[in-house]
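Subject: Structure for you to look over

Hello,

Here is the structure we talked about passing on. Please open it alongside this note, and then read on for what turned up.

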Amino acid sequence: MMLHGAFRWLAVIRLLMIRETRIRYARGRVGYAWAFLLPLAWIGGLIAFFGWLGHRPMAGVPVAWFVASGMLPYVIFRQTISGMTRGLSAGRGLIGFSGIRLADVLFALALLELLNAIVLSALALCLLAVFVGQVTLADTAGSALALVLAWGLGAGFGRFAAMAALVSDFAARILPIALRPMFWISGIFFAAADLPGSLLALLSWNPLLHVTELARRAAFGRDDHGFIDLTVPVLAMAICLAGAHALEHRAETGRPARIVP
Amino acid sequence: MIALDRVCHFHADGRALILNRASAAFAPGSRTAILAAAGTGKSTLARLIAGQDRPRTGRVRHIGCLPPQILGSATAFYPWLTGEANLRLLAAIAGASPESVLALTRDMTGLGCELAVPLASVPAGVRARLAFALSYALPAPWLLADEVTATGGREFRSACDDLLAARLARGAGLILITSNSETAARWGENFLALAGGRLIPAASAAEASGLAGTARNLPRNEDEDESRTLEAYA
């Protein structure tokens, strides 16, 4: 009976994921391919910009490879957050249908984003291999860990942001704006080793910078000078999930009320 | 069984107390009509029983069953998918055969090519009929009605009534939350009145109506029901 329940739950999660792939870009002709075309275009555009500047951030590493290895964790992080917040807004109506809970919708969205991240990374590597030449990963397991951590951070923050948006319109507006600086401070344009000590100490609280550095170390096999501390992203993820859990209860029971018997 | 254990809950605006340590139990296959006056939180109570909201305190338990759907609720539809795509996905999520749900929907609503266009492009009345058809097509042990059990014209209403009667005859349970004592008397076997935040048992629809302070047995105004339903779907 329990096993049947688990299979049924997995089937529902799968159907929620299928539903999301059909509705996310339902109004466009390209359909769900946008989920990969947009981030690839974003990465491609940034590579072209670096090429145009003639800037070489890391000696011995092709610019395209440097930019892509930094952009992929960031793009996965952002895509997961926006996928979860927008997905929840479109999937809210399903809550209660056939016993579907808020947590089920969020879990399905997060899982879909993990699959997207895997496909996106594979596509990016293939495109780099075609246009840049030989692309080798110095540490495949490390690269996979960086991908999972970027997704996990996005899923944790995405869940928190989705729940916050449910209980507060202000949060729904402010969170995307609050995330914008992450683009500049997460190591897309620089390597942590190139930063002055005081700035590095300041940015070491940024969990995504640790993930970006891990992705680069795994890609190029360069020494990170002991900067990477995986407890930072893991702790950030845990804090976001705990915050989301607290907000989930509040979202389901409604706003605080004044008792008028 | 569905049970409310000392439930306290407020209206969505957070100001009015709707349930004040209310308890009730609905046995499988039972037909209960809850009489409640307009504005006392019928929809909020329905959402609580459907598991869409969690009570502020107390518990709503669904023992051995999934939370029931509110009849005719279209919230699960996605407007930019076609009617057919919506029905197929929702039927699969509910564990029903998409083909049989589609067949019953076509039969019941008489819709054909309208099912192949995004729901956002079809009139609210069509969406309302689709939602009711889906509610009756999905196999569920409970039916939960928030005031209305049907919508649309006489023919569609009659089809809804037939399906509701058939489902009840096959042993489905019904929780009908209404302000209309005539409707309550028609479908209910047990009666509760929502009064003072409590669910008070009553011997008849008339007694429940009196306790709940609803209007006396007014003649049912189907046009009014229809416009209310369409407002919800628009």
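Arg6(B) counts as exposed, because its relative accessibility is 55% and the cut-off for exposed is over 50%. Please keep in mind throughout that this is a predicted model. Arg6(B) sits in strand S1 of chain B. Its backbone stands out: phi is positive, about 45°, although Arg6(B) is not a glycine.

Arg21(B) is another case. It is not a glycine either, and its phi is positive at about 55°. You will find Arg21(B) in strand S2 of chain B, which covers residues 17-26. Its relative accessibility is 41%, so Arg21(B) counts as partly exposed.

**Salt bridges**

How many salt bridges are there over all chains? A search of the whole structure finds 12. As background, side chains of opposite charge can pair when their charged atoms come close. Here are some of the pairs.

Start in chain A. Glu113(A) and Arg24(A) form a salt bridge through their side chains, at 2.8 Å from N to O. This pair ties together distant parts of the chain, 89 residues apart. Glu113(A) belongs to helix H4 (residues 102-131) of chain A. Arg24(A) lies in the loop between helix H1 (2-23) and helix H2 (34-53) of chain A.

Arg24(A) has 23%, so it counts as partly exposed. The reasoning is simple: buried means under 20% relative accessible area.

Now chain B. Arg61(B) and Asp5(B) meet in a salt bridge of 2.8 Å, N to O. Here, too, distant parts of the chain are linked, 56 residues apart. Arg61(B) is in strand S4 (residues 57-62) of chain B, and Asp5(B) is in strand S1 (residues 2-10) of chain B. Arg61(B) is partly exposed, with a relative accessible area of 31%. Asp5(B) is partly exposed as well, at 24% relative accessibility.

Glu189(B) and Arg31(B) make a salt bridge at 3.7 Å, N to O. They lie 158 residues apart, and the pair links distant parts of the chain. Glu189(B) is in the loop between helix H6 (181-187) and strand S7 (190-195) of chain B. Arg31(B) is in strand S3 (residues 31-35) of chain B. With 23% relative accessibility, Arg31(B) counts as partly exposed.

There is also a network in chain B. Salt bridges link Glu84(B), Arg88(B), Glu99(B) and Arg106(B).

**Helix packing in chain A**

Two packed helices are described by the angle between their axes and the distance between the axes. Two pairs in chain A are worth a look, and helix H5 takes part in both.

Take helix H3 (residues 63-91) and helix H5 (residues 140-167) of chain A. They pack at an angle of about 30°, with axes 7 Å apart. H3(A) is therefore roughly parallel to H5(A). The crossing is right-handed. On the H3(A) side, the contact includes Phe77(A), Ile81(A), Met84(A) and Leu88(A). On the H5(A) side, it includes Trp151(A), Phe157(A), Arg159(A) and Leu166(A). By class, this contact has 15 nonpolar, 4 polar and 1 charged residues.

Next, H5(A) and helix H9 (residues 207-220) of chain A. Their packing angle is about 160°, and their axes are 8 Å apart. H5(A) is therefore roughly antiparallel to H9(A). This crossing is left-handed. From H5(A), the contact residues include Leu145(A), Ala146(A) and Leu149(A). From H9(A), they include Pro207(A), Val211(A) and Leu214(A). By class, the contact has 12 nonpolar, 2 polar and no charged residues.

**A loop proline in chain B**

Where is Pro123(B)? It lies in the loop between helix H3 (98-109) and helix H4 (124-137) of chain B. Pro123(B) counts as exposed, because its relative accessibility is 53%.

Best wishes

Definitions and conventions
Residues are numbered from 1 along each chain as its sequence is written. Chains are lettered from A and ligands numbered from 1 in the order in which they are written. This is a predicted model: local features need pLDDT of at least 70, side-chain atom pairs count only at pLDDT 80 or more; totals for chains, interfaces and linings use all residues. Side-chain values use heavy atoms; hydrogens and water are left out. A salt bridge is a side-chain nitrogen of Lys or Arg within 4 Å of a carboxyl oxygen of Asp or Glu. Helices (H or I, at least four residues) and strands (E, at least two) are DSSP runs, numbered from the N terminus. Buried means under 20% relative accessible area, exposed over 50%, partly exposed in between (1.4 Å probe, protein chains only). Axes are lines fitted to C-alpha atoms, for helices over the stretch in contact, and angles run from 0 to 180 degrees between N-to-C directions. Angles under 35 degrees count as roughly parallel, over 145 as roughly antiparallel, 65 to 115 as roughly perpendicular and the rest as oblique. A crossing is left-handed if the near helix is turned anticlockwise from the far one by less than a right angle, and right-handed if clockwise. Contact means heavy atoms within 4.5 Å. Ala, Val, Leu, Ile, Met, Phe, Trp, Tyr, Cys and Pro count as nonpolar, Asp, Glu, Lys and Arg as charged, and the others, Gly among them, as polar.
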